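Please have the sequence and the structure open while I talk.

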Amino acid sequence: MRQELGPDLLKTLDAFERHLRLERNRSAHTVAAYLGDVTQLLHHVRSTGETELRALDLRQLRGWLASQHQAGASRTTLARRAAAARTFSTWAFKNQLIAADVAELLVSPRPHRSIPTVLSAGQASQAIDSLDGDEPEQLRDRLIMELLYGAGIRVAELVGLDVGDLDRNRRVLRVVGKGDKQRAVPYGVPADAALQRWLEEGRPKWATAASGQALLLGRRGGRLDQRAARRVVNAVTADLAGGSGLSPHGLRHSAATHLLDGGADLRAVQELLGHASLATTQIYTHVSVDRLRTSYQQAHPRA
C-alpha cells in the first residue's frame, strides 16, 4: 500500500516519520502505528482521484474514518487513527504542505476503556512463589515476576534495566519510560532478595563479554528481550486468571489495583506507574469499586 502512494507522498511520509522519531521522540511502536494509519489515510485520498496532499480536507478525513468504522474498526482503533490524522495534519500545516490544519475540527469517538484483568494478591503471591528453584533461569524468572508486579514497571522498562540502575541501599530502580522520561521506582524486600540471588548465583553463570551492564540476560548472555519476558509471565500465570495466563501488563494492572485497594494515593500511583495523565491511572479505581461491589453483594443480607 505504501509503494502505491507515488514518489511525492512517499517523500512526505518519510519526513513525517523523521518528525515522529527525532522531534516528537515517539516510541518505535507508536511510530509504526501512526505511519500505518497515515499511509491508509493517504491511500484513501488517492482513491478519491486526488494525487496531491493539498487536496486533503476535513470531508475526506471524516469519510476515511467512516469507511474504517464500516469495516469493523473498534472505537479504540478509530480514536488512535483520528489522533494520527490530527498529528499529521498539524505537522503538514506547519511545514506548509497543506493550506490549513484540516484535522483541527475532527471529532473522534472516545476509546472504550475496558476494565483490565487482574490477579488477586493471593494469586500474585502464588505465581511468584511457584518459581523457587536454584537454576539461573528460575532465579531470573522469579526476578522478572518480582519486578513487574512488585514495582509495577512496564516490560520495556524491565528489559532496559542495567545493573547501574539499581540503588539497593534505598531499594529504588531508575527506569526509562515512554518518551525517554526517567523516574525512580521503589521495590520491596522480596524483590531485593530475588535480585541478590540473581546477581550472585544466576547472572554470573550466563554473563559474557557481550552482556555489558544488562541486568536481565538470556541463556546466551545477551540482554533479555520483551518477547522472552512475556513468555515467562504467561507461562507462570497460565493456571490463574481464567486459565489463559496474563501479559506483563496484566501484572502492572494487578500492582496498581492492589496499591489502591491498600489505600495508596491516586497521584502517588500515577507517579509510580509513570502515567502522563491522571485519567490513565483512574481506570484502576473502577477495578477497586467493582471488587467492593462484588464483596457487598456476596456478604450483605440486603444487597
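Strand β2, which covers residues 172–176, pairs with β3 in the antiparallel sense over 5 bridges, where strands are counted as paired if DSSP finds at least two bridges between them. This is a predicted model, in which local features need pLDDT of at least 70 and side-chain atom pairs count only at pLDDT 80 or more, while totals for chains, interfaces and linings use all residues. Residues are numbered from 1 along each chain as its sequence is written, and side-chain values use heavy atoms, with hydrogens and water left out. The element names I use come from DSSP runs, numbered from the N terminus, with helices being H or I runs of at least four residues and strands being E runs of at least two.

On β3 itself, Arg 183 and Val 185 make up the covered face, whereas Gln 182, Ala 184 and Pro 186 lie on the uncovered one.

The hairpin of β1 and β2 has 4 residues between the strands, and here Arg 171 takes a positive phi near 55°. Taken together, the strands make an open sheet of 3 strands in the order β1-β2-β3, with antiparallel pairing. Why does one side of β1 and of β3 lack a neighbour in the sheet? Both β1 (166–167) and β3 (182–186) stand at the edges, and each has a single partner strand, so one side of each is left without a neighbour.

Let me step back to the whole protein, whose secondary structure comes to 12 helices and 3 strands. Of its 303 residues, 44% count as buried, a word that here stands for under 20% relative accessible area, with exposed being over 50% and partly exposed in between, using a 1.4 Å probe and protein chains only. Among contacts between residues at least 6 apart in sequence, 57% join residues at least 24 apart, a contact being heavy atoms within 4.5 Å.

Turning to the helices, α2 (residues 28–47) has 20 residues and reaches 28 Å from its first C-alpha to its last, which is close to the 28 Å expected at 1.5 Å a residue; the expected span is 1.5 Å times one less than the number of residues. Its buried residues include Val 31, Tyr 34, Leu 41 and His 44, and the buried residues of α2 pack against α1 (7–23), α3 (58–70) and α4 (75–94). Just after α2, Gly 49 takes a positive phi of about 100°.

In the loop between α1 and α2 we find Asn 25, whose phi is near 55°, a positive value in a residue other than glycine. Is Asn 25 buried or partly exposed? At 32% relative accessibility, Asn 25 counts as partly exposed. A further positive phi, near 60°, belongs to Gln 96, again a residue other than glycine, and Gln 96 sits in the loop between α4 and α5 (121–129), where it is exposed, with a relative accessible area of 63%.

My last topic is a helix pair: the axes of α6 (residues 136–150) and α8 (residues 189–206) come within 8 Å and cross at roughly 145°, where axes are lines fitted to C-alpha atoms, for helices over the stretch in contact, and angles run from 0 to 180 degrees between N-to-C directions. Among the residues that make the contact are Leu 139, Leu 143 and Leu 147 of α6, and Ala 194, Leu 195 and Trp 198 of α8.
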